[in-house]
Amino acid sequence: MNKVTRVGIVGAGMMGAEIALCCARSGMDVILKEVSQELADKGKVAVNSILSRAVGKGRMDEAEKENILARIEATDMYDGFDEVDLVIEAILEVSGTKQKLFEELDVLCKPECVFASNTSSISITKLAAAARPDRFVGLHFFSPASVMKLVEVIPGLLTSPGTAAFAMEFCRAIGKEPVKVKNVEGFVVNRILLALMNEAYRLLDEGVATKEDIDTACRLGLGHPVGPFRLSDNVSLDLLDKVHTILTDAYGDRFKTPGIFREHIDAGRVGRKAGKGWYDY
């Protein structure tokens with residue numbers, strides 16, 4: 001397969017915007033697509049903010065920043081998707097919504113274009129049933145994608161060896177360290193992470209320690225950059241709830257969340273984006 005020079009990203013939220021930054025920073029042209037121009041522009045503004053901080057810290061100059069921004073086209077249209085080498089989907093974690101998108105993209109994109117989903121937990125084989133199963137792969141980035149090196153590369157049942165190799169090479173081209181993972185719900189990192197988070201929630205629910213002390217224990221005892229409650233707030237509890245449901249359906253009650261987690265969801269305390277989660281912001 002050819003080298004990636006042009007990427008289409010559907011979804012300009014935090015993850016989609018940061019993936020766009022990774023690609024543009026590596027010299028690729030990016031079409032960043034959202035359902036509205038306002039949301040697409042918001043994604044590019046987020047990229048600008050990250051780059052401005054890098055300029056402020058002396059990590060790049062203003063000219064380099066502007067060159068990177070110029071490679072990202074924020075849009076609410078699919079114009080140009082017929083020329084992209086790779087499409088990365090970063091929309092809602094709902095399998096039906098994702099499958100519908102790929103059905104639409106199958107008509108728009110050139111036959112050799114590879115489809116990828118940034119899903120954190122949904123079966124790649126299931127998503128690939130919608131379109132191009134041999135040219136479909138999971139690319140699970142980690143937040144913040146502009147900083148985190150890891151990408152889980154997940155071939156589905158019918159993903160061709162060439163597509164898997166293409167995906168691994170793409171990750172390396174944008175400065176990431178890919179790991180190839182079998183297609184199972186939750187893949188590697190989320191199965192470990194959500195099990196750890198669940199145990200942290202249970203410790204709080206049982207009154208073993210405060211959330212602050214549990215976060216401190218994980219930072220200082222396990223070497224984690226942030227504790228599980230801060231991380232939950234950063235990811236958002238409503239997204240984590242969807243992933244917990246998928247993992248509970250797949251693996252049973254070991255991934256079922258305790259009552260205190262549900263109480264926070266019901267109270268609207270879903271994390272940093274809401275200004276309140278386990279902590280107030």
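About 630 Å² of area is buried between domain 1 and domain 2, and carbon and sulfur atoms give 66% of that area. Buried area here is the accessible area (1.4 Å probe) that two parts lose on being put together, summed over both. The structure is a predicted model, in which local features need pLDDT of at least 70 and side-chain atom pairs count only at pLDDT 80 or more, while totals for chains, interfaces and linings use all residues. Residues are numbered from 1 along each chain as its sequence is written, and side-chain values use heavy atoms, with hydrogens and water left out.

- Nine residues of domain 1 and seven residues of domain 2 take part in the contact, where contact means heavy atoms within 4.5 Å.

**Domains listed in the record**

- In an unreviewed entry, UniProt lists residues 7-183 as "domain: 3-hydroxyacyl-CoA dehydrogenase NAD binding". UniProt positions are given in the numbering used here, feature names are shortened, and annotations may be inferred rather than shown by experiment.
- The span 7-183 is 41% helix and 21% strand, and its end C-alpha atoms lie 24 Å apart. Helices (H or I, at least four residues) and strands (E, at least two) are DSSP runs, numbered from the N terminus.
- The unreviewed UniProt entry also lists residues 186-281 as "domain: 3-hydroxyacyl-CoA dehydrogenase C-terminal".
- The span 186-281 is 62% helix and 0% strand, with its end C-alpha atoms 29 Å apart.

- Helix α10 covers residues 237-251, and its 15 residues should span 21 Å at 1.5 Å a residue; the end C-alpha atoms are 20 Å apart, which agrees. The expected span is 1.5 Å times one less than the number of residues in the helix.
- Leu237, Leu240, Asp241, Val243, His244 and Leu247 are the buried residues of α10. Buried means under 20% relative accessible area, exposed over 50%, and partly exposed in between (1.4 Å probe, protein chains only).
- The elements that cover these buried residues include α7 (189-205), α9 (228-235) and α11 (259-266).
- After α10 comes Gly252, which has a positive phi, near 95°.
- Thr257 lies in the loop between α10 and α11, and Thr257 counts as buried because its relative accessibility is 18%.
- Leaving aside neighbours within four places in sequence, Thr257 is in contact with Asn198 and His244.
- Thr257 and His244 are 13 residues apart along the chain, and their C-alpha atoms are separated by 7.2 Å.

**Salt bridges**

- Side chains of opposite charge can pair when their charged atoms come close.
- The salt-bridge rule gives a count of 11.
- Asp241 and Arg262 meet in a salt bridge at 2.8 Å, N to O. This pair links distant parts of the chain, with Asp241 in helix α10 and Arg262 in helix α11, 21 residues apart.
- Asp241 counts as buried at 16% relative accessibility, whereas Arg262 is partly exposed with a relative accessible area of 33%.
- Asp106 and Arg132 form a salt bridge whose closest N and O atoms are 2.7 Å apart. Asp106 is in helix α4 (residues 95-108) and Arg132 is in the loop between α5 (124-128) and β6 (136-141), so the pair ties together parts that are 26 residues apart in sequence.
- Asp106 counts as partly exposed at 33% relative accessibility, while Arg132 counts as buried at 12%.
- Glu169 and Arg172 form a salt bridge with their closest N and O atoms 3.9 Å apart. Both residues lie in helix α6 (residues 161-173), three residues apart, about one turn of the helix.
- A network of salt bridges links Glu89, Glu93 and Lys98.

Definitions and conventions: A salt bridge is a side-chain nitrogen of Lys or Arg within 4 Å of a carboxyl oxygen of Asp or Glu.
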